[in-house]
Amino acid sequence: MSALGASLLEKIDARTARAGVVGLGYVGLPLAVELAKAGFQTTGIDLDARKILAIAEGRSYIPDVATSDVLELHRAGRLDATADFAVVKDLDTINICVPTPLRKTKDPDMSYIVSAVEAIAKYLHPGMLIILESTTYPGTTEEVVQPLLEATGLKAGADFFLAFSPERVDPGNPTFQTHNVPKVVGGLTPACSQLAAALYGSAIQTIVPVSSTRVAEMVKLLENTFRAVNIGLVNELALMCDRMHIDVWEVVEAARTKPFGFMAFYPGPGLGGHCIPIDPFYLSWKAKQSGFDPRFIELAGHINAGMPHYVVEKVADALNTRRKAINGASILIAGVAYKRDIGDMRESPALDIMGLLHAKGATVSYADPFVAEVRGREWTGGFDIQAVEMVKGTIAQYDCVVIATEHKAFDYAALAAEAALIVDTRNAIKTSHPHVFRLGAPAPEGQRERIAII
Ligand SMILES: NC(=O)c1ccc[n+]([C@@H]2O[C@H](COP(=O)([O-])OP(=O)(O)OC[C@H]3O[C@@H](n4cnc5c(N)ncnc54)[C@H](O)[C@@H]3O)[C@@H](O)[C@H]2O)c1
């Protein structure tokens, strides 16, 4: 290793290296806290003034990060935040955790990475380690980040060090958090890998080195494509089971008793979150650039994107058994977050279901203990809606309740007892009721003859 590399390694080992994290969201804040806990003086850089203020006040805004940790680390002088990239002058390492969304055309939107890297480049100095963590297509680190940083005249692998390490955080997971999820690391050169592994190794239990940045980038896309494709498969099976009067939930439960060669995935109202609906399209975009047609990704995307429409069809079928139409019906959506027990609505299929029902003339309300308000710009209805509370005595007024997210806080027994009609997309109500229509399962006893089988 060069003298520059050896000096940085020494600083990392001694915890005298100054760490920076660009983008203090779901990924960046937990990482900044772990680095600070490991002993590094850590600075977060974010453009969002509310996040900087929160850190300055010793407050967490991410449910998986304890306010007590932020407060303690901030008071100890080990964690601070700024919007000013000039601080990069004083930093030795930087982890980039900015968003990587899709454009409307489903092409990667690299603008956040480009703008963050350009801002870093202004203050890049010899001996720094830069690690990209944002999920992106294979080749990004070498084809986008490296040239932007090298435009300074400094050379990657010689004057500064460059690596990619995918983030695997699972928001709301009580068992696996940043410190105990193995970290895959791929550097531009062996020295880059070694330095990145040393930085993460100080804060994270297991490091998994791979041979290149491209392999590390591809690992993340394999993981998320694996989920998207398997969810697509089980969603298609749910549609099939619906037609064939078979309970898909019972099928999956029985199949998962096989101790090898099977992994359970569950159907649902569609994909949600920042990762699974988006990341596979980063891969398919890049594969197409190489003249390769990635069929699994496209097919799974097609099936998964159709699920909210299927749920709306199920609502129409359920209302039909009461001689009612969606037009004019009052419908309560139980849960708008994309998964249970968190408040993240990004890409949530519940928002699509709400929009589709509203477009067909339903009066839509929602209940969610984690989401107080859905803003007009967040769904196609276009107006703000406040959450209602799902308390005893208020449920019977709705023509139908759609369980879109199975939050633990909902009282499903009370819901089943009170609601006029339920469409359960999550198998939250396990027992059979004549008024509960489950996704991927036969219609309730006595209602089957009213549901068309084509
Ligand atoms: N959330 C997850 O569960 C998860 C899991 C694994 C990987 N990822 C990936 O990690 C990356 C970040 O995701 P996230 O969920 O933390 O996003 P987020 O939206 O919660 O946070 C991103 C932060 O970056 C800030 N930001 C945007 N542009 C900036 C810039 N130019 N300079 C400084 N700050 C900037 C934003 O203000 C925001 O605070 C994405 O690529 C995502 O795909 C997310």
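Which side chain of opposite charge is nearest to Asp 279, and how far away is it? In this predicted model, the nearest such side chain is that of Lys 220, at 4.9 Å. Asp 279 is buried yet has no salt bridge, because a salt bridge requires a side-chain nitrogen of Lys or Arg within 4 Å of a carboxyl oxygen of Asp or Glu. The side chain of Asp 279 instead takes part in a polar contact of 2.5 Å with the side chain of Asn 224. Asp 279 belongs to helix H10, which spans residues 279-289. When neighbours within four places in sequence are set aside, the residues in contact with Asp 279 are Thr 135, Lys 220, Leu 221, Asn 224 and His 274.

The model contains an open sheet of eight strands, arranged in the order E3-E2-E1-E4-E5-E6-E7-E8 with mixed pairing. Its edges are formed by strand E3 (79-82) and strand E8 (207-210), each of which pairs on one side only. From one strand to the next, the twist averages 25°.

Helix H2 touches strand E1 (18-22), strand E2 (41-45), E3 and strand E4 (93-96), and the direction of H2 makes about 170° with that of E1. Helix H2 covers residues 28-37 and is mostly covered itself, with nine of its 10 residues buried. The buried residues are Gly 28, Leu 29, Pro 30, Leu 31, Ala 32, Val 33, Glu 34, Leu 35 and Ala 36. A charged residue, Glu 34, is thus listed among the buried positions of H2. After H2 comes Gly 39, which has a positive phi near 115°. Helix H8 (residues 213-244) lies across strand E6 (161-164), E7 and E8, and runs at about 150° to E7.

A further open sheet consists of five strands in the order E10-E9-E13-E14-E15, with parallel pairing. Strand E10 (363-367) and strand E15 (436-438) each have a single partner strand, so one side of each is left without a neighbour in the sheet. With direction ignored, neighbouring strands of this sheet are turned by 20° against each other on average. Strand E9 (residues 330-334) and strand E13 (residues 400-403) pair in the parallel sense over four bridges. In this pair, Ile 333 has Val 402 of E13 as its bridge partner.

Positive phi values also occur in residues other than glycine. His 245 has a phi near 55° and is placed in the loop between H8 and helix H9 (248-255). The relative accessibility of His 245 is 34%, so this residue counts as partly exposed. Arg 323 likewise has a positive phi, of about 60°, although it is not a glycine. The position of Arg 323 is in the loop between helix H11 (295-320) and E9. Arg 323 is exposed, because its relative accessible area is 81% and the exposed class begins over 50%.

Notes: Residues numbered from 1 in each chain as written. Predicted model: local features only at pLDDT ≥ 70, side-chain atom pairs only at ≥ 80, totals over all residues. Heavy atoms only, no water. Helix = DSSP H or I, 4+ residues; strand = E, 2+ residues; numbered from the N terminus. Buried < 20%, exposed > 50% of the residue type's maximum accessible area, 1.4 Å probe, protein only. Polar contact = N/O pair within 3.5 Å; in protein donor to acceptor, adjacent residues only side chain to side chain. Contact = heavy atoms within 4.5 Å. Pairing = 2+ DSSP bridges. Axes fitted to C-alpha atoms, helices over the stretch in contact; angles between N-to-C directions.
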